[in-house]
Amino acid sequence: MKTDVVLVGAGIMSATLGALLRQLEPEWSIDVYERLDAAAAESSDAWNNAGTGHSALCELNYTPQNKDGSVDITKALNVNEQFQVSRQFWAHSIETGVLSDPKNFVNPIPHVSFVHGESNVKYLRARYDALASNPLFEGMEYIDSPDEFTRRLPLMGQGRDFSDPVALNWSDDGTDVDFGALTRQLLNYVAASGGTVHFGTDVKNITKQSDGTWDVKVANLRTGAKKTVNAKFVFVGAGGGALHLLQKSGIAEIKGFGGFPVSGEWLRCTDPDLIAQHSAKVYGKASVGAPPMSVPHLDTRVIGGKPGLLFGPYAGWSPKFLKQGKLTDLPSSVKPGNLMSMLGVGVTELGLVKYLVSELAQSQADRVETLREFAPGVVGKDWELVTAGQRVQVIRKKGRGGVLEFGTAVINAADGSIAGLLGASPGASTAVPAMLDVLKRCFGDRYTEWQPKLTQMVPSLGKKLAEEPALFREIFDWTSKTLQLDDSARVAQPSGV
C-alpha cells in the first residue's frame with residue numbers, strides 16, 4: 001500500500017496538520033493511524049487537559065520576575081502570538097466549512113491571575129504594568145479590592161481572610177477550548193475530503209527506504225492483521241508515544257533526546273451550585289522550587305455545552321508515556337544516544353524529584369487543603385479526584401549531560417521526509433503554529449508556493465501582531481465574531497452569592 005502522507009496518532013496535532021494538507025494539496029492521499037478506538041482519546045481529550053486557550057493572559061510562569069523586580073514578558077508575547085495564529089486558522093475554517101459550530105469547541109471565559117501576600121501583590125502589579133500597554137493584552141485589569149474580588153469570584157471570596165492582601169490580573173478575552181471536540185471536527189473534515197482514518201491500528205515500526213520514502217508497519221489490534229504502508233512523508237503526532245517511534249526511525253536528529261513522564265490529577269467539582277459560583281480560569285503561582293507544570297489553577301470548563309469546574313494539577317508519576325501506555329515505556333526509551341542526557345537530568349532535577357515525592361504522599365484531605373488557598377469555604381465531599389492525561393517532558397542534550405524542558409519541540413529529519421512533536425504545555429493551543437513550522441521545515445520546496453493559500457488561512461502569517469496594533473485589532477475582532485467570542489456571546493458572569 002502506498003500513500004503520500006502518514007499521520008501517526010489521532011490527536012490535535014495530526015488533525016491540524018491533516019486539515020492543512022488537505023487544503024494545500026487536495027490530490028494527496030493521507031492516512032491517519034490511531035492505536036485506540038476513538039479520536040483524541042489521550043492528551044487531547046477534554047478532561048485530560050485544562051482546556052486553556054494558552055495566550056499568557058493568566059499564566060504566571062510565562063512572566064518571570066527579574067532580580068530587580070521587573071517582569072520579563074518575552075515568553076508571554078510569543079505564546080500570545082502563537083494562539084492568535086490558531087484563532088485565525090479556526091475562524092477561517094469556520095468560514096470555509098472545515099469546522100462547524102464554534103461553540104462545540106471554544107467558549108469565552110475570563111482568564112485571571114491570582115496571588116496573595118504582600119510581595120506577590122507587588123509582583124502582580126509589576127506584571128500588569130509590563131503587559132497592559134501591549135496591544136496583545138489590551139483591556140487587562142488590575143484588581144486589589146476585596147469587594148470587587150468577591151463580586152467577580154464569589155466562590156473564591158467566600159470565607160476569605162482579606163487581611164492577607166490579594167490581587168488579580170483580569171482579562172475578559174480568555175477562552176476555554178475543548179481540544180477533543182476540535183480534533184474530531186478536523187478529522188471528520190480530513191476523512192470527508194478524501195483522507196482515511198484507521199482506528200484500532202498500532203504503528204509498530206518506521207523504516208527508511210533507499211528512495212527516501214518510509215515503510216510504516218502497522219497492526220490491526222482487533223484482527224491481528226499486519227501490513228506495510230509506504231509513505232513519502234510521515235508525521236509522528238503520537239503524544240508520549242512519539243519518542244519511541246522517532247527512535248525506531250533511526251533519524252540522527254532524535255539522538256540525545258529523552259522523555260520524563262509526569263501524570264496529572266484533578267479535583268473535579270460535582271455540585272452544580274458551586275459550579276455556578278465560578279466562571280473564570282484562575283491561575284496562581286507555583287510554590288517555591290516547584291516546576292512550571294505545577295502551577296495551580298481553578299478552571300471553568302465547557303464540555304458538551306455544559307459548564308464544569310476543576311482544580312489542579314496534582315502531579316503523579318508512572319513510567320508510562322501514554323495514559324494507556326506500558327510500564328516499560330520509560331526504561332525502553334533509554335538508548336545509548338540519550339543515556340547521558342537522561343543521567344544528567346537525574347542529577348540536575350532533584351527539585352523535580354522532591355516535588356513528585358511530596359505530591360505522591362498527599363492524601364485527599366491534603367489536596368482539598370491546597371484547593372482552599374483558592375476557595376477557602378469548600379468541603380471535600382463536593383470534589384472527586386480524576387486522572388488527567390499523561391505528559392512526557394522533553395529531555396534535550398546539553399554539554400555532556402541533559403536538561404529538562406517544559407514546552408514543545410518539533411523534530412525533523414534533514415531531508416524533511418519525517419517529523420514529530422515532543423513535549424507538552426502549551427501544546428494543543430499552539431497546534432497551528434507548530435504544524436505551520438512542520439510545513440516550512442519539511443516542505444521547503446513547496447512552502448513558497450503554498451504561502452498565498454496559507455495567508456488566506458492565517459492573515460498575519462509572518463508578522464508580529466504586537467508590532468502592528470491596527471492589524472491585531474482587525475484580526476482579533478474578526479476571529480472573535482467568527483468564533484462567537486464577542487461580547488454578545490460571553491458566558492454570563494456571576495453577580496455574587
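This is a predicted model: local features need pLDDT of at least 70, side-chain atom pairs count only at pLDDT 80 or more; totals for chains, interfaces and linings use all residues.

**A walk through the model**

Let me begin with A56, whose place is in the loop between β2 (30-33) and α2, where helices (H or I, at least four residues) and strands (E, at least two) are DSSP runs, numbered from the N terminus. Phi of A56 is near 65°, a positive value in a residue other than glycine. As background, most residues other than glycine have a negative phi, and most peptide bonds are trans.

Residues are numbered from 1 along each chain as its sequence is written, and side-chain values use heavy atoms, with hydrogens and water left out.

The other backbone feature I would point out is the cis peptide bond that joins G312 and P313, with omega about 0°; P313 is found in strand β15 (residues 306-316).

That strand brings us to the sheet. β15 belongs to an open sheet of 9 strands with mixed pairing, in the order β5-β6-β4-β13-β14-β15-β12-β16-β17, and two strands pair if DSSP finds at least two bridges between them. β5 (141-143) and β17 (401-405) stand at the edges, each with a single partner strand, so one side of each is left without a neighbour in the sheet. From one strand to the next the twist averages 30°; axes here are lines fitted to C-alpha atoms, for helices over the stretch in contact, and angles run from 0 to 180 degrees between N-to-C directions. Within this sheet, strand β4 (residues 111-116) and strand β13 (residues 281-283) pair in the parallel sense over 3 bridges, and V112 stands opposite V282 in β13. Helix α3 (residues 118-131) packs on the sheet, touching β4, β5 and β6 (166-171), and its direction makes about 25° with that of β6; contact means heavy atoms within 4.5 Å.

How do α2 and α13 cross? The axes of helix α2 (residues 74-96) and helix α13 (residues 431-442) come within 7 Å and cross at roughly 90°. That makes α2 roughly perpendicular to α13, on a scale where angles under 35 degrees count as roughly parallel, over 145 as roughly antiparallel, 65 to 115 as roughly perpendicular and the rest as oblique. The contact is made by Q82, V85, S86, F89 and W90 of α2 together with A431, V432, P433 and L436 of α13. These residues divide into 7 nonpolar, 2 polar and no charged, where Ala, Val, Leu, Ile, Met, Phe, Trp, Tyr, Cys and Pro count as nonpolar, Asp, Glu, Lys and Arg as charged, and the others, Gly among them, as polar.

Finally, there is a hairpin to look at. Strand β9 (residues 201-208) and strand β10 (residues 214-220) pair in the antiparallel sense over 7 bridges, and the bridge partner of N205 in β10 is K217. The hairpin has 5 residues between the strands, and G212 takes a positive phi near 90° there.
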